[in-house]
Amino acid sequence: MGYDFLSIEKKWQERWESEGTFNADKDPGREKFYCLEMFPYPSGALHMGHLRNYSIGDMLARHLIMRGKNVLHPMGYDAFGLPAENAAIKYGTHPHKWTGDNIEHMTDQLKRMGCSYDWRRRVETCNPDYYRWTQWLFLQFHKKGLAYRKTAPVNWCESCGTVLANEQVINDGHCWRCATPVLKKNLEQWFLRITDYAQELLESLEDLPGWPERVKLMQRNWIGRSEGVRLSFRVDETDMEIETFTTRIDTIFGVTFLALSPEHPAVSIISGASSRKREIEDFAAACSAHSERDRAAAGGEKEGIDTGLLAVNPVNGEKVPVWIANYILMEYGTGAIMGVPAHDQRDFEFARKFDIPVIPVITPPGKTPLDGVTMEKAFEEDGIQCNSGQFDGMPTSSSLSAMTDWFVGNNWGVRETNYRLRDWLISRQRYWGAPIPIIYCEKCGAVAISENELPVMLPLDVKMKPGENPLAGAEEWKRARCPQCGGEGTRETDTMDTFICSSWYFLRFASPWMDSLPFEGGDVDYWMPVDQYIGGIEHACLHLIYARFFTKFLADLGMLKVREPFTNLLTQGMVIKDGAKMSKSRGNVVDPDEIIRKWGADTARLFILFASPPEKDLDWSDQGVAGAHRFLQRVWKLVETNLFGLRKASDITVSMSGLQEKKARDLKRRIHYTIKCVTRDIEKEKQFNTAVARLMELSNALGSFSPGTGEEWSLFREGTEALLTCLTPVAPHICEELWNMMGNEGFISLRIWPTIDESALEADTVTVVFQMNGKVREQMDLPAGLAPEEMRLAVLSAPAVKKRLEGKEVIKMITVPDKLINVVVKG
């Protein structure tokens with residue numbers, strides 16, 4: 001017959017689909033498990049990174065189905081985004097058609113991989129049935145005052161022609177999608193007030209023991225909580241005050257200048273009243289043309305311009321110059337800093353370049369006091385206060401709290417907890433996204449659209465042009481009536497950041513048919529939270545933070561009972577080929593369709609799961625793929641060659657006591673040892689590669705076993721069924737076919753996972769070590785389970801042991817059953 005994998009895989013995929021094998025419905029009487037991989041962007045075709053992600057998730061879902069759980073395993077598409085617009089321009093098509101065609105192609109690919117998805121629940125974020133509820137959620141944020149509009153310096157990608165959230169600026173200030181350097185630009189934009197949830201987002205990371213510590217650390221650093229003092233410096237001879245935030249109020253006596261970010265609102269006021277107006281404006285523009293990462297980099301070139309203004313230090317009345325400096329960023333703190341060059345290296349470099357005084361106010365304990373004139377670098381460690389009035393001589397460990405109390409007590413400032421996290425900028429100047437449901441009225445301002453008028457549909461009769469948002473020119477679409485006064489209004493032409501769409505899709509999967517709300521309460525109460533989430537670590541400070549924010553907000557609305565969306569998180573590594581991450585630009589991409597055609601989906605799945613632990617990078621190997629295929633051929637041959645005997649063999653399990661031959665007892669032990677280890681590897685350790693390795697070992701053991709008696713054929717059948725059952729989550733098609741060939745009914749995919757016979761794990765013999773004074777001297781095989789007295793007698797009676805003990809005085813004897821005997825001797 002032979003292993004015709006293409007016809008076998010097609011056969012079982014069609015049967016699973018026609019019979020709804022993996023459809024999941026709410027069942028309060030069963031334990032649920034929600035398994036979810038991060039859904040893909042429909043870029044055209046799956047790549048090997050996708051394949052790895054979905055192979056891991058599918059293996060877990062199938063295993064848990066076999067463990068008797070009610071498993072929800074859905075799939076959908078994160079279908080809005082700029083690539084669709086670029087493709088439409090490049091190929092002369094429409095984003096709607098390009099995206100729809102890609103979705104169908106990728107769905108076909110996933111089905112050919114044999115993924116166990118409940119396809120009834122498929123969602124696409126570009127479908128009006130979905131983005132209607134994305135817009136509805138925006139309105140809920142708006143009602144609660146958490147969606148607002150303001151003019152602010154934003155991250156601007158010239159190539160994409162749109163703004164980016166802070167989290168989308170990566171790799172030294174580049175666009176996360178196209179790698180173009182990001183600039184700053186002042187625009188009026190919509191924000192979500194994620195900062196209202198900053199503290200809970202930080203604290204509740206402690207409630208996620210199933211998340212990698214690396215991801216939690218990345219989120220802690222991104223949220224960036226710091227405690228300090230907010231204070232203001234009065235600008236001399238003006239009515240202006242400059243507000244700053246500092247975590248080191250103990251350095252207040254060392255302030256020798258103030259520095260503003262070029263994007264600070266005060267800069268325009270200062271330049272407007274300055275004789276150096278043009279210079280200040282040119283300097284601010286030049287700074288904004290560089291990435292924030294470059295400007296703020298340690299050791300980077302410090303640039304600045306003196307405004308000519310003086311600010312007054314509230315503690316001593318000293319007047320210090322106000323500068324505008326390139327290394328001060330509007331995104332951090334207040335966009336203004338009190339410069340303390342003696343104790344901050346960047347301030348030190350700036351002060352030395354522009355000849356600004358350096359006044360040390362903390363000095364190393366037990367050493368010569370610092371001299372601001374001769375210092376070669378800033379002293380940033382703890383020490384002893386100096387030049388600090390009544391606080392001189394006080395160690396930092398005491399002075400920081402004491403000076404905070406003193407400063408706040410004099411009403412010069414207030415204690416404040418600050419966060420690096422900034423409100424989420426969600427406006428995008430592009431077409432292919434969810435329209436923001438706002439109408440602008442000259443009389444009423446920005447007015448939210450009524451919920452019963454949702455969705456605000458994207459117009460399809462638009463022309464795509466490079467660098468343009470066609471909504472801005474869709475005059476008929478833009479015209480709308482004001483929901484408040486009924487007068488003429490204009491629709492918002494910005495669309496929402498696509499990360500909005502992916503911040504709640506896991507909830508829609510619970511109720512994809514719901515048309516009166518985004519999801520039904522009973523459904524999410526049953527299915528949520530997601531028990532296992534799988535995806536790339538690159539989303540640690542993007543999607544994962546946003547999804548947590550949405551979940552907490554919806555819980556506050558009373559729509560969810562959970563406040564965290566994902567109980568366990570697995571972040572898989574990349575797929576590497578020829579020493580580099582697979583990419584079209586490097587020419588090292590492996591086509592999943594070609595792999596499936598040449599080797600089969602089961603081979604692809606097996607190689608992916610066997611080649612590397614899931615959290616590590618996977619090195620693609622054509623030889624490894626061929627090796628995985630050879631293993632499946634051996635499994636096929638094992639069953640096919642023994643098919644007559646397997647069909648005749650009794651399915652009544654033979655106990656260990658019913659097996660007399662050593663080879664049969666060893667096989668029985670191997671079968672149940674494999675079941676135990678594979679179960680642990682999958683469920684506890686998440687080391688799927690070692691689970692596959694153990695199944696290969698069991699296959700070898702079965703291949704070298706020649707059954708003769710009826711009991712041995714029954715044992716061989718038990719082992720073969722255990723092999724196929726445990727291999728099913730990895731390579732489901734071949735296992736279904738072989739299970740069927742053996743005369744079994746139903747799907748092996750729905751078979752209950754084999755039970756471990758603990759008695760079969762007991763060894764017939766054990767290796768016992770004999771030690772003298774803690775050093776190993778002899779080893780011997782003894783019957784397992786001997787009583788301590790019997791074990792001592794057997795060991796001490798051995799000729800080699802007797803010889804070693806001749807003439808020795810035994811002081812003490814330590815016995816560890818089935819392990820060792822240690823004799824302490826004298827002489």
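Modeller: K302 sits in the loop that runs between α10 (292-296) and β11 (304-312). Keep in mind that this is a predicted model.

Colleague: Is K302 buried or exposed?

Modeller: The relative accessible area decides that, and under 20% counts as buried. K302 has a relative accessible area of 4%, so K302 is buried.

Colleague: Which side chain does K302 join in a polar contact?

Modeller: The side chain of E349, at 2.8 Å. Leaving out residues up to four places away in sequence, K302 touches A297, N326, Y327, R346, E349, F350, K353 and F354.

Colleague: Where is H264, and which residues is H264 in contact with?

Modeller: H264 is in the loop between β10 (257-260) and α8 (265-272). Its relative accessibility is 14%, so H264 counts as buried. With neighbours within four places in sequence set aside, H264 is in contact with M330, T334, G335 and A336.

Colleague: How do I read the backbone angles?

Modeller: Then look for departures from it. The peptide bond from L454 to P455 is cis, and its omega is near 5 degrees. P455 belongs to the loop between β20 (445-448) and α13 (475-478). The peptide bond from M528 to P529 is also cis, with omega near 0 degrees. P529 lies in the loop between α16 (521-527) and β24 (530-535).

Colleague: Which residues have a positive phi without being glycine?

Modeller: N387 is one of them, with a phi of about 50 degrees. N387 lies in the loop between β15 (384-385) and α12 (396-409), and at 45% relative accessibility N387 counts as partly exposed. K686 is another, with phi near 55 degrees. K686 is in the loop between α22 (662-685) and α23.

Colleague: The loop between β20 and α13 came up with P455. What can be said of P459 there?

Modeller: P459 is found in that loop between β20 and α13. At 10% relative accessibility, P459 counts as buried. P459 touches Y431, L471 and W477, not counting residues up to four places away in sequence.

Colleague: Where is I756, and what does I756 touch?

Modeller: I756 is in the loop between α25 (732-741) and β29 (765-772). I756 is partly exposed, with a relative accessible area of 27%. Apart from residues up to four places away in sequence, I756 touches H672, I675, K676 and L761.

Colleague: Now a helix. What should I read off α20?

Modeller: Read the length, the end and the burial in turn. Helix α20 has 20 residues and reaches 28 Å from its first C-alpha to its last, close to the 28 Å expected at 1.5 Å a residue. At the N-terminal end, S621 caps α20, with a side-chain oxygen 3.3 Å from the backbone nitrogen of Q623. The buried residues of α20 are V625, A626, A628, H629, F631, L632, V635, W636, L638 and V639.

Colleague: How do α20 and α23 cross?

Modeller: For a pair of helices, take the distance between axes, the angle and the handedness. The axes of α20 (residues 622-641) and α23 (residues 688-703) come within 11 Å and cross at roughly 40 degrees. The crossing is left-handed. On the α20 side the contact is made by F631, V635 and L638, and on the α23 side by L695, M696, S699, L702 and G703. By class, that contact has six nonpolar residues, two polar and no charged ones. F631, V635 and L638 are also among the buried residues of α20.

Colleague: And how many helices and strands does the chain have?

Modeller: The chain comes to 27 helices and 32 strands. Its C-alpha trace spans about 105 × 85 × 50 Å along the principal axes. Of the 827 residues, 56% are buried. Among contacts with a separation of 6 or more, 72% are between residues 24 or more positions apart.

Conventions
Residues numbered from 1 in each chain as written. Predicted model: local features only at pLDDT ≥ 70, side-chain atom pairs only at ≥ 80, totals over all residues. Heavy atoms only, no water. Axes fitted to C-alpha atoms, helices over the stretch in contact; angles between N-to-C directions. Helix = DSSP H or I, 4+ residues; strand = E, 2+ residues; numbered from the N terminus. Left-handed = near helix turned anticlockwise from the far one by under 90°. Contact = heavy atoms within 4.5 Å. Nonpolar A, V, L, I, M, F, W, Y, C, P; charged D, E, K, R; others polar. Expected span 1.5 Å × (residues − 1). Buried < 20%, exposed > 50% of the residue type's maximum accessible area, 1.4 Å probe, protein only. Polar contact = N/O pair within 3.5 Å; in protein donor to acceptor, adjacent residues only side chain to side chain.
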